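Colleague: Could you take a close look at a single part of this model and then relate what you find to the surrounding fold? Please give the cut-offs behind each term.

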Amino acid sequence: MRRIGYDVTAFNFSDYLRDLGKVTNWLYHRLLAGPAIDRINTDLIASAQRNTPNFIYVEKGIFLRPETIEYLSKSIAPTVQFNYDNPFGPRNDPGWRHFLGAIPHYDVHFVPRESNIEEFRAAGARNVFLLPLTYDPATHYPPPPSWGEKDRVIDVSFTGAPYDSRAEFLTELLTKHGIATDIRGDRWKRALKPDVARQIYKGPAVYDDAYRQRFWDSKICLAFVTHSNRDRLAHRSFEIVGAGGFLLAEATEEHLAAFEDGKEAVFFDGVDDCARLIRKYLPDPVLREKIAKAGHERAVNSGYSNDARLKIAFDTVRGLYPD
């Protein structure tokens with residue numbers, strides 16, 4: 001937000017849950033009640049009263065009670081909401097109680113998938129707009145020019161969680177096709193059989209610089225669409241190309257519209273096709289480098305960054321609520 005010209009007063013929900021311990025944090029995310037949740041709501045209102053913002057922008061406000069959003073919207077400034085997850089998805093994730101109750105009280109909602117537009121309207125939302133997925137250019141940027149094939153020490157990587165049938169997919173990639181994916185992420189030890197985990201699971205989730213480094217270190221970066229969230233794009237796809245990585249992602253109409261297949265990224269349809277494409281591109285560093293560079297250029301030129309997407313979003317907000 002600062003990079004696109006806004007003065008920002010930050011309010012971080014995580015500050016209230018840090019150092020409480022894993023069990024306590026788990027309970028807060030499911031019960032959405034307790035002293036920390038009380039403080040989040042009262043302190044946010046106090047901060048808004050003190051700073052008198054022109055807009056209040058909330059990302060995944062699962063801890064904010066409906067009455068908090070109602071007060072902020074009516075008494076302080078227009079409230080704008082966005083989150084990548086799907087409160088209406090079939091995955092039945094916990095923690096949406098306050099969020100769903102607050103939907104009618106927000107002034108503007110941005111959603112990352114077309115299916116959410118009508119769902120939010122049916123839940124009482126007044127203004128709902130699509131905000132497509134992004135990468136952050138301050139975090140997801142290409143390696144230095146000196147970086148080359150000798151530095152890519154991982155053949156095939158996947159960085160993320162074992163949603164849907166990803167564990168079965170990567171197991172079959174190993175056992176049927178002999179392709180060992182280097183996996184980093186949480187909850188994989190429960191998803192993979194022990195003998196498979198010993199071969200392909202490399203450790204817990206990584207973030208920020210270490211997350212970007214995974215894409216630099218990998219010759220091929222896999223990305224999957226989260227079907228249990230009713231997604232049609234992978235957020236990670238944009239982060240991979242933003243970081244200059246070679247993207248091999250699940251084929252969807254939306255992925256194919258975002259990147260030209262075989263020129264800016266490569267898309268697979270099923271395990272066998274994924275294995276075929278890995279065998280095609282893994283021995284060809286020149287072609288992989290060409291595709292990765294073209295994918296990054298497409299992301300930059302098509303405005304897939306946080307900066308470009310948020311500028312358009314807040315131009316929309318300011319059109320609805322001029323300063």
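Modeller: Leu27 is partly exposed, with a relative accessible area of 36% (buried is under 20%, exposed over 50%, partly exposed in between; 1.4 Å probe, protein chains only). The model is predicted, so local features require pLDDT of at least 70 and side-chain atom pairs 80 or more, whereas totals for chains, interfaces and linings use all residues. Residues are numbered from 1 along each chain as its sequence is written, and side-chain values use heavy atoms, without hydrogens and water.

Leu27 belongs to helix 1, residues 22-31 (DSSP runs numbered from the N terminus: H or I of at least four residues for helices, E of at least two for strands). Together with Val23, Trp26 and Leu31, Leu27 forms a nonpolar surface patch of about 410 Å² accessible area (residues over 30% relative accessible area without a salt bridge, nonpolar side chains joined within 5 Å, like charges within 9 Å; Shrake-Rupley areas, 1.4 Å probe; salt bridge: Lys or Arg side-chain nitrogen within 4 Å of an Asp or Glu carboxyl oxygen).

Elsewhere, four parallel strands make an open sheet ordered 1-2-3-4 (pairing needs at least two DSSP bridges). Strand 1 (56-59) and strand 4 (128-130) are its edges, each pairing on one side only. Strand 1 joins strand 2 (residues 79-82) through four parallel bridges, with Tyr57 opposite Val80. Helix 5 (residues 114-122) packs on the sheet, touching strand 2, strand 3 (108-111) and strand 4 (heavy atoms within 4.5 Å), and its direction makes about 175° with that of strand 4 (fitted C-alpha axes, for helices over the stretch in contact; N-to-C angles from 0 to 180 degrees). Helix 14 (residues 306-320) lies across strand 1, strand 2, strand 3 and strand 4, at about 160° to strand 3.
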